Amino acid sequence: METDEQENSSSKKSDIPRKSLLESEKTFVVRHVFKDVSEFEEGIINSNKEEGHFNVPWSIGLKRKDGHLGYYINCHQSSNLKQFCVEVNANLIAIGPAGKMHNRVLHNTFRARSSLGFGNFLEWETLVTDFLVNDSLTVEAQVRIIETSGLGKEKIRSFDETQQAVSDVMLVVRSSEFYVSRLFLAAQSTFFKAQLLGNCSGSNDPKVPLNGIDPFDFHYFLEVLHGESAIDDSTVEGVALLADMYDAQTAMRRCEEFLVEKSKKSLKKKLQMASRYRFENLKQQTLEKVQTTRDIRSIVSDSTNINDFDQSTTLELLKKSVSQF
């Protein structure tokens, strides 16, 4: 699917201090260096190896067609998930020498396995003269997931209107409603303590909107707070994001414990999450497993965004890389 739609997004402000945009939203970057670009065959998609972010595998696809470069972000989901959809804002960027850049922005929704992007992203002649370096092209897709559905594990607990009799507040996340206890949430999270019991505007309202989060993630976050076994490799990124955002330390510990003890995520993904959420134990445990040149290459390559790692992780990876020579 191709689109020429462009849209700038904005988020509503809360009365409670929030994490920065990068830390508090479901954002990620897919970056890749495509080589031998002049040899791209007409009409054939060239894609990098898919990588997982927030329970969805992603990749970038480039295509040469009709004198243009086509540029797409690909969402690879299992064909068994017939009802899944992922709404995104994405900034698709081509990076040339001396900081030269060309980008286009899209806002659209993936339904089933699909690609979204622009068939006429850049004229081929301009690509060749202004963006290729040694016949290679660096591209980057900056993605923000707005909402997902039809993904992940079966829900264990309900927070719908059937819980109204034992709840005293309804939290509204986009079109979803969650009936919960103020006191229980306040005991789990400094954010909710201030939001639901403090002196800020709306703290006594029976209906409280929460902006800028995904109801899919929020459901599993609530399950974790209520003691359910809701964390697995399909939910841990979303739960960790909200646990950090809302300062829910018990949920943060449970996410880190899962990543250390049970997760099958890659070394690279674990180090990315350790850096983003300050999981020191996860960082140390993962770095100890980085032993070979192959391990290092699986983490650091031309496609790696070095900003995904904190400074100490980057230095340790550099030391391990040097020790292999």
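Start by selecting Ala90, which sits in strand S6 (residues 85-95). Helices (H or I, at least four residues) and strands (E, at least two) are DSSP runs, numbered from the N terminus. The model is predicted: local features need pLDDT of at least 70, side-chain atom pairs count only at pLDDT 80 or more, and totals for chains, interfaces and linings use all residues. Residues are numbered from 1 along each chain as its sequence is written, and side-chain values use heavy atoms, with hydrogens and water left out.

**Ala90.** Ala90 is buried, at 2% relative accessible area. Buried means under 20% relative accessible area, exposed over 50%, partly exposed in between (1.4 Å probe, protein chains only). Show its contacts (heavy atoms within 4.5 Å). Beyond neighbours within four places in sequence, Ala90 touches Arg104, Val105, Leu106, Gln142 and Val143. Now pick Arg144: its C-alpha lies 6.3 Å from that of Ala90, although 54 residues separate the two in sequence.

**Zoom out.** The protein has 11 helices and 12 strands. Of its 325 residues, 49% count as buried. Among contacts between residues at least 6 apart in sequence, 66% join residues at least 24 apart.

**The cores.** Next, select Trp58, Leu137, Leu171, Phe192, Phe218, Phe221 and Tyr246. In the largest nonpolar core, of 77 residues, these touch the most other members. Such a core is a set of buried Ala, Val, Leu, Ile, Met, Phe, Trp, Tyr and Cys residues joined through side-chain atoms within 4.5 Å. Domain 1 (27-148) and domain 2 (161-319) each give this core at least three residues; the domain bounds come from an automatic or database domain assignment. Centre on Phe192. Leaving aside neighbours within four places in sequence, Phe192 contacts Leu171, Leu185, Ala186, Leu197, Leu210, Phe218, Phe221 and Tyr246. A second, separate core has eight residues, including Leu267, Leu271, Ile299 and Phe309.

**The largest pocket.** Move to Lys49, Glu50, Glu51, Lys268 and Ser298. Of the 21 residues that line the largest pocket, these lie nearest its centre. Its volume is about 590 Å³. On a 1 Å grid over the protein atoms alone, a cavity is a set of points where a 1.4 Å probe fits but cannot get out, and a pocket is an open set with protein on both sides within 12 Å along at least five of seven lines; lining residues have an atom within 4 Å of a point. Grid points are joined across faces, edges and corners, and a volume is the space filled by probe spheres set on the points. Strand S3 (51-53), helix H8 (267-277) and helix H10 (293-299) each give two or more lining residues. The largest share, four residues, comes from H8. Both domain 1 (27-148) and domain 2 (161-319) supply at least three.

**A cavity.** The structure holds two cavities of 30 Å³ or more. Helix H5 (215-225) and helix H6 (236-245) each supply at least two of the lining residues.

**Two backbone stops.** Most residues other than glycine have a negative phi. Stay on Phe54, in the loop between S3 and strand S4 (56-65). Its phi is positive, near 55°. Finish at Asn134, in the loop between helix H2 (124-130) and strand S9 (137-149). Phi of Asn134 is also positive, near 55°. Buried or exposed, Phe54 and Asn134? Phe54 is buried, with a relative accessible area of 6%, whereas Asn134 is exposed, at 74%.
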